[in-house]
Amino acid sequence: MLEVNGLSVAYGQSEVVHDLSFAVGTGEIVALMGRNGMGKTTTFKALMGILGIRSGSVRVNGQELSASAPHQRVRSGLAYVPQGRMIFPNLTVRENIMTGLQTRACAIPQDVFTLFPVLLEMSQRRGGNLSGGQQQQLAIARALTTNPSVLLLDEPTEGIQPSIIKDLARVLKEIRTLRGLTIVVSEQVLSFALAVADRLLVIERGQIVDEVTAMSGAAERVSRYLSV
Ligand SMILES: Nc1ncnc2c1ncn2[C@@H]1O[C@H](COP(=O)(O)OP(=O)(O)O)[C@@H](O)[C@H]1O
Ligand SMILES: [Mg+2]
């Protein structure tokens with residue numbers, strides 16, 4: 001369960017996220033929809049503690065995290081797949097996954113390879129040699145090694161072939177079911193958001209301006225925010 005209340009974030013004097021509030025329940029998948037520059041990445045970085053905030057509250061399973069360092073938030077159950085994935089191209093697939101573990105003695109959770117069999121096949125390959133879709137799976141696998149209860153994914157379909165996008169939606173729903181995760185995914189691709197999410201929030205200029213459940217009519221209603 002993720003609860004965000006009154007979150008405001010600024011770069012210097014320029015506030016770009018204004019008084020943002022939303023909650024995502026346990027086992028729920030929510031898509032944060034918005035065009036480029038609307039504040040999706042800024043919001044996620046602030047939730048992780050990578051960016052400082054002006055004000056607001058971030059709670060995971062009831063625990064207040066807004067004053068905690070990023071690694072403490074991870075320990076409290078938050079995990080993050082950044083925009084552009086940010087895997088280590090020169091490390092092997094296995095080494096990339098292990099960067100998520102607290103110590104080298106910790107084991108990689110077994111369901112990671114059940115969810116992403118291709119990563120087991122390619123475990124000795126360099127991350128940089130994987131396709132975009134495989135790198136995205138790797139970034140998700142790495143995020144799952146800390147056994148999070150809330151998973152944030154920033155534009156996971158960016159740079160991924162349309163044929164793979166469906167698989168990504170399926171695997172995220174599988175992870176939600178297997179682990180009872182709370183998932184927030186930022187997106188510009190409406191078809192993916194409708195396939196994966198229970199609920200869609202629309203962000204414009206750092207504010208949530210609309211909210212719809214993923215059912216008939218949602219596509220028309222949300223698409224007008226996304227078209228330029
Ligand atoms: N490091 C930064 N310094 C100053 N302004 C930034 C920085 N990063 C993003 N911004 C601005 O903040 C706003 C929101 O950006 P961002 O969160 O990256 O949007 P999105 O992820 O939705 O594309 C934009 O106006 C962008 O120009
Ligand atoms: Mg972004």
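This is a predicted model: local features need pLDDT of at least 70, side-chain atom pairs count only at pLDDT 80 or more; totals for chains, interfaces and linings use all residues.
Leaving aside neighbours within four places in sequence, which residues is Leu152 in contact with?

**View 1. Leu152 and its contacts.** Sequence neighbours within four places aside, Leu152 is in contact with Phe44, Leu47, Ala79, Tyr80, Val81 and Val184. Leu152 also turns up, with Ala31, Met33 and Val196, among the residues that touch the most other members of the largest nonpolar core.

**View 2. What sits around ligand 1.** The shell is made up of Tyr11, Val16, Gly34, Asn36, Gly37, Met38, Gly39, Lys40, Thr41 and Thr42. Sorted by class, that comes to 3 nonpolar, 6 polar and 1 charged residues. Helix H1 (residues 40-48) gives the most to this shell, with 3 residues.

**View 3. The open four-stranded sheet.** Follow the strands across and the order reads E2-E1-E4-E5, with antiparallel pairing. At the edges are strand E2 (14-24) and strand E5 (63-64), each of which pairs on one side only.

**View 4. Strands E1 and E4 side by side.** Strand E1 (residues 2-11) and strand E4 (residues 55-60) run antiparallel and are joined by 5 bridges. To find your way along the pair, look for Val4, whose bridge partner in E4 is Val58.

**View 5. Helix H1 over the sheet strands.** The helix that gives the most to the ligand 1 shell shows up again here. H1 lies across E1, E2 and E4, and the helix runs at about 70° to E2.

Methods
Residues are numbered from 1 along each chain as its sequence is written. Chains are lettered from A and ligands numbered from 1 in the order in which they are written. A residue is near a molecule or strand if its C-beta atom, placed from the backbone, lies within 6 Å of it. Helices (H or I, at least four residues) and strands (E, at least two) are DSSP runs, numbered from the N terminus. Ala, Val, Leu, Ile, Met, Phe, Trp, Tyr, Cys and Pro count as nonpolar, Asp, Glu, Lys and Arg as charged, and the others, Gly among them, as polar. A nonpolar core is a set of buried Ala, Val, Leu, Ile, Met, Phe, Trp, Tyr and Cys residues joined through C-beta atoms within 7 Å. A residue is buried if 20 or more other C-beta atoms lie within 10 Å of its own, exposed if 12 or fewer, and partly exposed in between; C-beta atoms are placed from the backbone. Two residues are in contact if their C-beta atoms, placed from the backbone, lie within 7 Å. Two strands pair if DSSP finds at least two bridges between them. Axes are lines fitted to C-alpha atoms, for helices over the stretch in contact, and angles run from 0 to 180 degrees between N-to-C directions.
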